[in-house]
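The following explanation accompanies a single protein chain.

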Amino acid sequence: MSALTDRLDRAAAQTRVAGAMSGLLRRLRRAGGNVALGLIDQALLSGSAFVLTIVLANVLDINSFGRFSVAWSFSILIEAVFLRGLFDDGLPATAHRIPKSLWPQLRLGLYLSSLLASGALGLLLVSAGLVIVAVGGDAGRLVIATGLAIPAVRLQSMFRRICYLDGRLPRALASSLTYCVALVVSAGLMIALKLAGATAAMACIAISAALAGSLLLARTSELARPQARIFRGSLQRLFRNGRWFVATSLTYWIGSIGLIPVCGFFLIGLDASASLRILLLVFAPLSQFCATMFSVRLPEIAAELRAGRRSAVAAAARENALLLGSIAAAYGTAVVLLGQRILALVIHGQSYEIGTGSLALMGAAMALDAVWLGLALPLFATGKPQRFMLSRIAGLVALCCVLPFAAEVWQVMGAVAAMVASSTASVITVVLTNSARERT
């Protein structure tokens with residue numbers, strides 16, 4: 001009887017895997033055009049960021065590059081964690097709860113409110129930078145440039161998110177192409193005028209993002225003055241779920257990009273911040289691919305799962321986890337084999353603490369994060385990210401337990417090992433909670 005039960009269990013497991021693969025292939029065929037455009041869109045953004053970072057890594061000393069990396073990490077904290085968590089991540093679930101005829105009001109309301117929030121945060125940073133300059137601090141100008149970059153990047157990000165929501169990816173692609181061209185031109189002028197530095201680089205990002213986001217001015221006919229009821233209701237729904245999106249993204253930031261300032265200021269030094277930035281840059285194409293799949297699939301899944309069927313949510317989670325995890329594992333293997341050779345070709349004159357062990361550990365951390373994202377995507381689509389907060393909290397606890405000791409013993413590789421511990425705890429927790437939920 002036990003043997004029969006084992007065979008039935010294996011058959012059921014094989015059926016689930018086969019069903020997930022067939023469903024995944026059907027979804028990829030349907031979304032193929034959007035995925036291709038999304039990949040090109042993200043490739044432009046990540047490619048321009050890669051080139052700028054490599055240029056800075058070559059022309060700046062390690063400590064200056066470390067300062068730029070810290071400023072970049074804090075700009076990501078404000079934009080990708082707080083502002084994107086409040087305005088972007090819950091947008092598909094919110095938009096699909098109102099008639100499409102009201103979407104022009106939603107678009108303009110989002111532009112105005114997100115610019116108001118980012119402008120206020122940017123103004124605070126600019127004011128702080130002016131104070132630092134007045135007292136003779138070296139970092140003041142970099143803080144000012146970061147404050148100017150935040151509303152510009154928010155405008156571009158909001159424009160692209162709405163393009164993805166509307167299914168108009170060619171517009172998002174045009175915005176990214178504009179950003180890429182503007183960044184190349186401005187960075188070229190920076191080098192030609194011998195102004196290369198962390199502040200000038202952040203200013204290039206601000207100018208390029210502002211130009212890319214300004215493309216929305218060509219689409220004013222698709223905007224409408226929002227009615228107070230529609231505007232208030234949509235923002236309330238976004239902010240109600242937004243606190244969970246922000247909390248989830250914040251725990252992820254602490255365990256990845258947040259290690260740049262933590263290691264730089266408290267544990268190892270600014271040279272470690274520079275090395276961690278380079279490591280994250282190597283895996284940026286994988287992160288951008290996962291972000292593309294997230295952006296393309298999120299509106300589609302939100303529309304499909306409006307009924308909230310638990311079986312549909314579970315199936316979508318398995319499909320996305322299988323896809324993203326497999327691609328991440330293949331990418332990580334390629335980086336371990338070729339990463340040091342590529343870095344040796346593009347970085348000259350500086351010594352960064354990046355070995356095969358660090359690359360392998362970072363690949364493992366990124367693969368686990370890709371699996372987590374695949375499992376989380378359907379619940380983000382239904383506006384229920386709080387169900388995954390427990391997994392991120394578990395990862396944060398693991399990080400805090402491992403990081404101080406590992407960083408002291410193994411330096412940069414120890415910091416990356418702490419990322420692996422954090423990602424492992426997150427995935428294990430989310431799998432266990434998902435299994436318990438499916439049984440109930």
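Contact here means heavy atoms within 4.5 Å. Among contacts in the chain between residues at least 6 apart in sequence, 83% join residues at least 24 apart. The model is predicted, with local features requiring pLDDT of at least 70 and side-chain atom pairs counting only at pLDDT 80 or more, whereas totals for chains, interfaces and linings use all residues. Residues are numbered from 1 along each chain as its sequence is written, and side-chain values use heavy atoms, with hydrogens and water left out.

The chain holds 15 helices and 0 strands; these elements are DSSP runs numbered from the N terminus, helices being H or I of at least four residues and strands E of at least two. Of the 440 residues in the chain, 52% are buried, a class defined by a relative accessible area under 20%, with exposed set at over 50% and partly exposed in between (1.4 Å probe, protein chains only).

The axes of α2 (residues 62-87) and α7 (residues 198-213) come within 9 Å and cross at roughly 35 degrees. Such axes are lines fitted to C-alpha atoms, for helices over the stretch in contact, and angles run from 0 to 180 degrees between N-to-C directions. The crossing of α2 and α7 is right-handed, that is, the near helix is turned clockwise from the far one by less than a right angle, anticlockwise being left-handed. Ser64, Phe68, Ala71 and Trp72 of α2 meet Ala198, Ala201, Met202 and Ile205 of α7 in this contact. By class, the contact comprises 7 nonpolar residues, 1 polar residue and no charged ones; Ala, Val, Leu, Ile, Met, Phe, Trp, Tyr, Cys and Pro count as nonpolar, Asp, Glu, Lys and Arg as charged, and the others, Gly among them, as polar.

The discussion now turns to spaces. On a 1 Å grid over the protein atoms alone, a cavity is a set of points where a 1.4 Å probe fits but cannot get out, a pocket is an open set with protein on both sides within 12 Å along at least five of seven lines, and lining residues have an atom within 4 Å of a point. Grid points are joined across faces, edges and corners, and a volume is the space filled by probe spheres set on the points.

The second largest pocket holds about 400 Å³ of space. Its lining has 16 residues, with Arg67, Ala71, Ala139, Leu142 and Val143 nearest the centre. Two or more lining residues come from each of α2, α5 (140-166) and α7, and α2 gives the most, with 6. The lining divides into 11 nonpolar, 3 polar and 2 charged residues.

There are 4 cavities of 30 Å³ or more. The second largest cavity contains about 110 Å³ and is lined by 11 residues, of which Tyr111, Ile162, Arg171, Arg219 and Glu222 lie nearest its centre. Helices α4 (103-134) and α5 each give two or more residues to this lining, and α5 supplies the largest share, 4 residues. By class, the cavity lining has 6 nonpolar, no polar and 5 charged residues.

Two residues complete the account. Thr248 is found in α8 (residues 228-254) and counts as buried because its relative accessible area is 3%. Thr248 and Val81 are 167 residues apart in sequence, and their C-alpha atoms lie 8.5 Å apart in space. Gln411 is found in the loop between α14 (389-410) and α15 (412-439). Although Gln411 is not a glycine, it has a positive phi of about 60 degrees. Gln411 counts as partly exposed because its relative accessibility is 30%.
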